[in-house]
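Student: I would like to learn how to read a structure like this one, feature by feature. Could you take me through it?

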There are 2 protein chains.
Amino acid sequence: MSFTTKATITTFGGRLLKLSHPSKTTTTPMALNLYLPPAALVPTPTRVPLLIYLSGLTCSPENCTEKGFFQHRASQLGLALLWPDTSPRGLNLPGEKDAWDFGEAASFYIDATQEPFAGGYKMETYLTKELPEVLFGDEEFGEYLDKERVSITGHSMGGHGALTLYLKHRGLYKSVSAFAPIANPSQCPWGEKAFKGYLGEDREAWKAHDATELLGKCEKRDNVKMLVDVGTGDNFYKQGQLLPENLEKAAQEAGVEGFTLRYQEGYDHSYYFMASFADEHVEHAAKHLGLL
Amino acid sequence: MSFTTKATITTFGGRLLKLSHPSKTTTTPMALNLYLPPAALVPTPTRVPLLIYLSGLTCSPENCTEKGFFQHRASQLGLALLWPDTSPRGLNLPGEKDAWDFGEAASFYIDATQEPFAGGYKMETYLTKELPEVLFGDEEFGEYLDKERVSITGHSMGGHGALTLYLKHRGLYKSVSAFAPIANPSQCPWGEKAFKGYLGEDREAWKAHDATELLGKCEKRDNVKMLVDVGTGDNFYKQGQLLPENLEKAAQEAGVEGFTLRYQEGYDHSYYFMASFADEHVEHAAKHLGLL
């Protein structure tokens with residue numbers, strides 16, 4: 001078995017597992033939480049689809065597991081949930097803990113090319129290659145999960161992660177959604193700082209990791225199965241860190257289908273926003289995973 | 001206006017308010033959170049029923065507001081929610097902060113008679129007299145709340161609080177429910193420590209604040225409108241701190257109606273347990289408040 005189980009908790013009729021495993025990609029232990037709904041557990045282990053949730057800056061797998069309430073609708077529909085961590089931890093790299101918006105808990109879910117981060121900050125490879133291989137192949141947990149039916153979602157930096165991993169690895173995920181994503185990181189302070197630190201000064205290289213750039217390159221009538229919610233009371237939206245309007249413009253110019261951006265009146269950037277629409281994002285995934 | 005508003009947050013279509021007010025009863029500022037569902041807000045302020053939630057040991061109003069998930073169903077049904085604090089804070093009494101299960105954040109929702117707590121630890125009077133008077137009479141928030149339709153619930157120490165305030169003040173609340181309540185505090189270590197410290201050595205005096213004792217004195221066929229959930233994986237249940245079997249025995253011996261105790265297989269004492277059944281406890285209250 002690949003995972004160490006730190007806790008097993010009964011919730012919403014299913015089983016929440018707090019796990020850790022040694023990652024070859026990041027060269028560190030990686031924490032993650034996994035929720036198995038009742039449909040996966042009874043009467044015998046049954047493969048159910050999986051929704052991966054990527055967290056925002058400063059978060060661990062715990063925050064959304066406790067406050068996001070994705071379990072509520074996932075339990076009813078028979079969808080497993082996976083909350084990976086936001087970066088490797090424990091590498092003790094110079095500058096890794098100097099800021100809350102760069103380094104530890106702020107990986108931006110890319111493979112860094114710049115030192116000292118290039119060694120372990122390979123979250124794109126970790127999330128799209130190693131973690132699925134280890135999880136779906138695990139003798140304890142693999143039998144509960146259908147590796148052919150996976151969707152992805154995320155919040156803020158994790159919304160950026162979900163949108164870009166989906167667009168970079170078409171076919172790996174059946175659908176994507178995001179809450180308040182950093183939708184055009186090449187053009188906002190958070191993204192510029194992160195991409196410069198992880199990828200270097202060449203702004204052309206950044207475009208391969210920018211949801212707005214990637215969406216703009218989709219083909220006409222491509223069904224992107226993408227749901228995005230942004231609160232109009234979100235201070236980071238107001239400060240120009242999220243730039244959903246650029247994402248929408250790219251979708252329109254490319255002429256893609258299946259793109260939905262909703263501005264939610266008065267909602268902020270917090271888990272109170274996400275919990276309010278968690279049911280709907282689970283349903284969006286469930287629809288594309290054949291559960292609805 | 002009686003309250004200072006520290007935050008206003010849009011969530012589940014309604015408004016979450018983080019409030020504080022000076023209490024004459026406790027002689028301290030008292031924090032509380034209030035959730036107004038959409039039905040209270042549109043098109044003009046409309047009076048809706050209220051469910052009061054009392055928190056457990058060590059908690060503030062924040063824990064359950066973030067992790068309890070009561071807003072989900074309350075929003076749909078049109079029920080306001082109120083999370084008071086677990087004790088006065090800032091009195092700086094000797095011994096007040098020496099333990100996590102006595103003193104600050106551990107009031108047990110009674111009026112203390114023993115010094116040094118008798119001065120400010122008067123949570124029963126605060127919750128049943130002062131807070132309703134101030135809240136329902138408030139010119140800003142009063143017009144959203146129907147003071148004739150109030151129910152109460154709580155967790156652990158707050159479950160004890162909900163059950164006892166309901167049974168001591170019949171008519172004040174339309175129904176009661178509890179998650180993993182300290183159901184017979186006179187007979188468990190947590191309760192014995194608290195009652196000795198707040199009420200003194202006379203065990204006879206403790207009975208007036210013990211849900212099992214109070215339920216045992218109800219009249220035959222009295223409909224107590226009481227729902228209690230306890231997880232079978234709850235370590236505090238296993239350690240004999242909760243004693244729901246004594247509550248059930250008292251209900252049976254008294255011959256009351258409307259008493260439901262459910263053992264939930266595998267659930268622990270955490271917010272993961274409460275969130276799983278929050279919808280159902282909100283529905284229990286809503287039924288007795290005329291919303292279902």
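Student: Let's start where the chains meet. How many residues does the contact take from chain B and from chain A?

Tutor: Keep in mind that this is a predicted model. The contact takes 22 residues from chain B and 21 residues from chain A. The area buried between the two chains is about 1800 Å², and carbon and sulfur atoms give 58% of that area.

Student: How many salt bridges and polar contacts go across?

Tutor: The rule finds 2 salt bridges across the interface of chain B and chain A. Between these chains there are also 12 residue pairs in polar contact, both residues being at pLDDT 80 or more.

Student: Which elements of chain B supply the side that touches chain A?

Tutor: Two or more residues each come from β1 (4–11), β2 (14–22), α2 (61–67), α3 (70–77) and α11 (271–288) of chain B. The largest share, 4 residues, is from α11(B). Sorted by class, this side of chain B has 7 nonpolar, 9 polar and 6 charged residues.

Student: What about the salt bridges in the structure as a whole?

Tutor: Over all chains, the structure holds 31 salt bridges. One pair crosses between chains, running from B:Lys67 in helix α2 of chain B to A:Glu66 in helix α2 (residues 61–67) of chain A. The closest N and O atoms of B:Lys67 and A:Glu66 are 3.5 Å apart. A:Glu66 counts as partly exposed, at 24% relative accessibility.

Student: And what does a salt bridge inside one chain look like?

Tutor: In chain A, A:Glu201 forms a salt bridge with A:Lys196, with the closest N and O atoms 3.7 Å apart. That pair counts because the cut-off is 4 Å between the nitrogen and the carboxyl oxygen. A:Glu201 is exposed, with a relative accessible area of 57%, whereas A:Lys196 is partly exposed at 45%.

Student: Which pair can you show me in chain B?

Tutor: Take B:Glu192 and B:Arg203, whose closest N and O atoms are 3.1 Å apart. B:Glu192 is partly exposed at 25% relative accessibility, and B:Arg203 is partly exposed at 43%. Salt bridges can also share partners: B:Asp85, B:Arg89, B:Lys97 and B:Glu104 are joined that way into one network.

Student: How do I judge the overall fold of a chain?

Tutor: Begin with the elements: chain A has 11 helices and 9 strands. Then turn to its dimensions. A compact globule of 292 residues would have a radius of gyration near 19 Å, and chain A, with 18 Å, agrees with that. Its C-alpha atoms fill a box of roughly 50 × 40 × 35 Å along the principal axes. Of the 292 residues of chain A, 61% count as buried. Finally, among contacts in chain A between residues at least 6 apart in sequence, 70% join residues at least 24 apart.

Student: Is B:Pro49 buried or exposed, and what does B:Pro49 touch?

Tutor: B:Pro49, in strand β4 (residues 48–54) of chain B, has a relative accessible area of 1%, so B:Pro49 is buried. Setting aside residues up to four places away in sequence, its contacts include B:Gly78, B:Asp146 and B:Leu291. B:Pro49 and B:Ser151 are 102 residues apart in sequence, yet 8.1 Å apart in space, C-alpha to C-alpha.

Student: What can I learn from B:Thr164 in the same way?

Tutor: B:Thr164 is placed in helix α5 (residues 157–168) of chain B. With 0% relative accessibility, B:Thr164 counts as buried. Beyond its neighbours within four places in sequence, B:Thr164 is in contact with B:His209, B:Asp210, B:Ala211 and B:Leu214.

Student: Last topic: which backbone angles deserve a second look?

Tutor: Most residues other than glycine have a negative phi, and most peptide bonds are trans. The peptide bond from A:Val42 to A:Pro43 is cis, with omega near -5°, and A:Pro43 lies in the loop between α1 (38–41) and β4 (48–54) of chain A. The bond from A:Glu115 to A:Pro116 is also cis, with omega near 5°.

Student: Where do I find a positive phi?

Tutor: A:Thr27 has a positive phi of about 65° although it is not a glycine. A:Thr27 lies in the loop between β2 (14–22) and β3 (29–36) of chain A, and is exposed, with a relative accessible area of 53%. A:Asn92 has a positive phi of about 55°, and A:Asn92 is exposed at 62%.

Technical notes
Residues numbered from 1 in each chain as written. Chains lettered and ligands numbered in written order. Predicted model: local features only at pLDDT ≥ 70, side-chain atom pairs only at ≥ 80, totals over all residues. Heavy atoms only, no water. Contact = heavy atoms within 4.5 Å. Buried area = accessible area lost by both parts, 1.4 Å probe. Salt bridge = Lys/Arg side-chain N within 4 Å of Asp/Glu carboxyl O. Polar contact = N/O pair within 3.5 Å; in protein donor to acceptor, adjacent residues only side chain to side chain. Nonpolar A, V, L, I, M, F, W, Y, C, P; charged D, E, K, R; others polar. Rg over C-alpha atoms; globule rule 2.2 N^0.38 Å. Buried < 20%, exposed > 50% of the residue type's maximum accessible area, 1.4 Å probe, protein only.
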